[in-house]
Amino acid sequence: MAAPERSIDQRQVYDMSSSFLQKFRLYETRSNFYMIGRDKNRTFWRVLKLDRTDPTELNFYEDSTAYTEAECFETLRRIHEGNRSSGGLKFVTTCYGIIGFIRFLGPYYMLIITKRRKLGEICGHTVYGVAKSKIITIPHASVLSNVAYSKDEKRYKRLLCTVDLSRDFFFSYSYHIMHSLQSNLSNSVEGHTYYESMFVWNDYLTRRIRNNAKDCMWTVALVYGFFKQVKLSVSEKNFRLTLIARRSRHYAGTRYLKRGVNEKGRVANDVETEQIVFEEALQDGNPVRRISSVVQNRGSIPLFWSQETSRLNIRPDIILSAKDPSYEATRLHFENLAKRYGNPIIILNLIKTREKRPRETILRAEFANAIKVINKGLSKEERLRPLHWDLHKHSRKKGTNVLAILDRLATYALNLTGIFYCQLTSDSFQNQNPSTLENNIGGCSTYDRPSKDENASDSVVENGNDIKDAKEDQLKEATRLQKGILRTNCIDCLDRTNVAQYAYGLVAFGRQLHALGLTESTTIDLDNPLAEDLMGIYETMGDTLALQYGGSAAHNKIFCERRGQWKAATQSQELFRTLQRYYSNAYMDAEKQDAINLFLGYFQPQQDKPALWELGSDQHYNAARFLASSVPENSRSTMKRSLSESSILSEGSTAARHGLAENDEEGKGLSDSAPEISTSETAMIAASLSAPPPTMEEIGLGEIIEDDCFCNDEHGDQCTCATFDMDWVSSSGNSCEDESYGRSTVVRSFETIPESTKIESEIRVIESCSGNTKRDEVTVEQEEAIARIPQGYVRWVMDEEGHFW
């Protein structure tokens, strides 16, 4: 399951500052649309012509000529003169890229970005958010058939428009934002393959033009999730902190309609989170750019389970399927993670250990057993490393510092995976095309990099410059790649998961600042203003992701308590968000799921076939099976392509051996001119990054983790797999083979479970000193405010009935 490593070639450099279009103007005649695009520096103009005479087909012509501004306007003048009899050439709108093309039952439509907003920069590459979009009918009104005006056609169009592209969709013209920084600097792709990333949401919409056009300069690759960049300072040194969340388009949807895993190993609510710290400063008169990133993952528990949406029950029963006794889908999921991120894979499972009415504990036991079964077929280095910890229980215990315990868990994970750090060595980074990013990284190398002597000999052969050789060796000594991933989950992968991801991000933040030379310590105290800044960003990200998947902002009880927020205000906020989430799940999610399936191409309308809204809610994802002829790509080819997507580590020969498509994009390059780096400073950074990680016992995890986290194999070695008796899981159920999940046997959470099989393991907790916690003092006014809240609702919300805390 390990992803291979490869070193980075720094020799092939070329400038592609004008290779992508950034601003467009759309014109129309009676018979054609003309899209005029230019680059950022106004050095060349290109023309794309779209035919408007065919009522049902998409025909376009891409002019390969690069025009000057004068030549472009002369071309438009001639087009106007040639069409004067039919009304001439008319200006339609200014736009900033094509989102894609789509057809329902009648004509093709074009989706374009008409307004953008700047969100931030990554090494000089601007990242934009979609502020406004527009859908344009391509055929002229005179050639449209009656189908174009039918009720179903209008309903499909309205449904597509419910996908609000102005919220949480972002893109970059010059940077592959769908990939992590380490992936961009380490891997390369050619052609259009980066659109096939699991994080590009308009892959289906752009497929027709990408398959026929020579390049992708007319379209933008949209990523859905979260992007936030802030400028911070420490010790009077400024730096930029960027937090990116990329939501997978595979098995995408809403809370109760997309749960667990599908047959391809794709999980619901699959989100990659990347935290980037970037500093630009001067050293000996030369620009020095140091950058670090760390990636973590969240996703639904990779089992076949579901919850049926109910307007009468705010907490629907958890239904566990026994359709996959060998856990093949679960195995596929973790193989995909290993190919994207490498090993080890650390699994932080935050669901409950004990319940009066078994719900989460059912999934907990099954998940633990799945990990045990999968680990039996893996080598010791490749085994999954589960950490089971009931966050809900410990967050309710007085005197328990949950964030401090999560800090220890995060420390353990980061000691295994490390962080990505490198030094950029070019003044022209921001002018490079993303396909050449890898060529100019000053000191990026793999863990198994060549020795100093080998590197020096290669450099001498190249230019005979011993000084340059020493400089390159110093840079490489100070560089590391992240190897492996922390995967966090609870039930929804929203509320508890976001708290844990913040704790992981905080530990990583300390190490990133230290690696950049901004702090002397590798840790950041929870009382540090930087920790408060980071908490605010993670809280905003959690709210955004929760709104996308769950329909309400996240439950931020722990964050509110950390800030000392008034308890009554926290309770009322939690209650409101619970009710908001319930209403969205019960009344809004079905249409939202339809819109997502339409946008992603999982459902394609056809004449004389059932409409999307006529299908049951549990058929949404498998609508492509019902309409097999309209599937954009078969499941097998989709699986093979996606296994190597969004890779942090290069796929190299392993992907080729397994017959997998190389979908990792090319990195972006810098020039060879590296600034002078002091030997002492580089040695200090190298030492801090290469220090051996402490053991679990040294950081106190042995007293925190549940007893079921580890077991021993036949040789007495720790095999990092949880052990549970799962005989009761398949003891009862119903036959539902015709359902979309393919359930043959189910277990509902309200069914009676033998007392002997319930999880009763005691968990020892490290409690914080009493001096570190302040007891809440409730005034008379606060007591009166609390009294005005119906106590039944308060107990329902705060005593685990309203949400999954």
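Colleague: How many aromatic pairs does the structure hold?

Modeller: It holds 17, with rings of Phe, Tyr and Trp (its six-membered ring) pairing if their centres lie within 6.5 Å; planes under 30 degrees apart count as stacked, over 60 as edge-to-face and the rest as tilted.

Colleague: Nice. Which kind of pair do Phe171 and Tyr173 make?

Modeller: The ring centres of Phe171 and Tyr173 are 5.3 Å apart and the planes stand at 85 degrees, so that pair is edge-to-face. Keep in mind that this is a predicted model: local features need pLDDT of at least 70, side-chain atom pairs count only at pLDDT 80 or more, and totals for chains, interfaces and linings use all residues. Residues are numbered from 1 along each chain as its sequence is written, and side-chain values use heavy atoms, leaving out hydrogens and water.

Colleague: Got it. Are Phe171 and Tyr173 buried or exposed?

Modeller: Phe171 and Tyr173 are both buried (under 20% relative accessible area with a 1.4 Å probe, protein chains only; exposed is over 50%, partly exposed in between). Across the protein chain, buried residues make up 59% of the 805 residues.

Colleague: Which residues form an aromatic cluster?

Modeller: Phe104, Tyr109, Tyr156, Phe603 and Trp613 form one.

Colleague: And what lies over the face of Trp613?

Modeller: Arg155 does, 4.2 Å from the ring centre. Likewise, Lys323 has its charged end over the ring of Phe304, 4.5 Å from the centre. Here NZ of Lys or CZ of Arg has to be within 6 Å of the ring centre and within 35 degrees of the ring normal.

Colleague: Switching to helices: at what angle do helix 2 and helix 14 pack?

Modeller: Helix 2 (residues 151-161) and helix 14 (residues 567-600) pack at about 95 degrees, with axes 8 Å apart. That angle makes helix 2 roughly perpendicular to helix 14 (65 to 115 degrees; under 35 is roughly parallel, over 145 roughly antiparallel, the rest oblique).

Colleague: Which residues make that contact between helix 2 and helix 14?

Modeller: Helix 2 brings Tyr156, Leu159 and Leu160, while helix 14 brings Glu591, Asp594, Ala595, Leu598 and Phe599; contact means heavy atoms within 4.5 Å.

Colleague: What about helix 5 and helix 6?

Modeller: The axes of helix 5 (residues 328-341) and helix 6 (residues 360-376) come within 10 Å and cross at roughly 70 degrees. That makes helix 5 roughly perpendicular to helix 6. Thr330, Arg331 and Phe334 of helix 5 meet Phe367, Ala370, Val373 and Ile374 of helix 6.

Note on methods:
Axes are lines fitted to C-alpha atoms, for helices over the stretch in contact, and angles run from 0 to 180 degrees between N-to-C directions. Helices (H or I, at least four residues) and strands (E, at least two) are DSSP runs, numbered from the N terminus.
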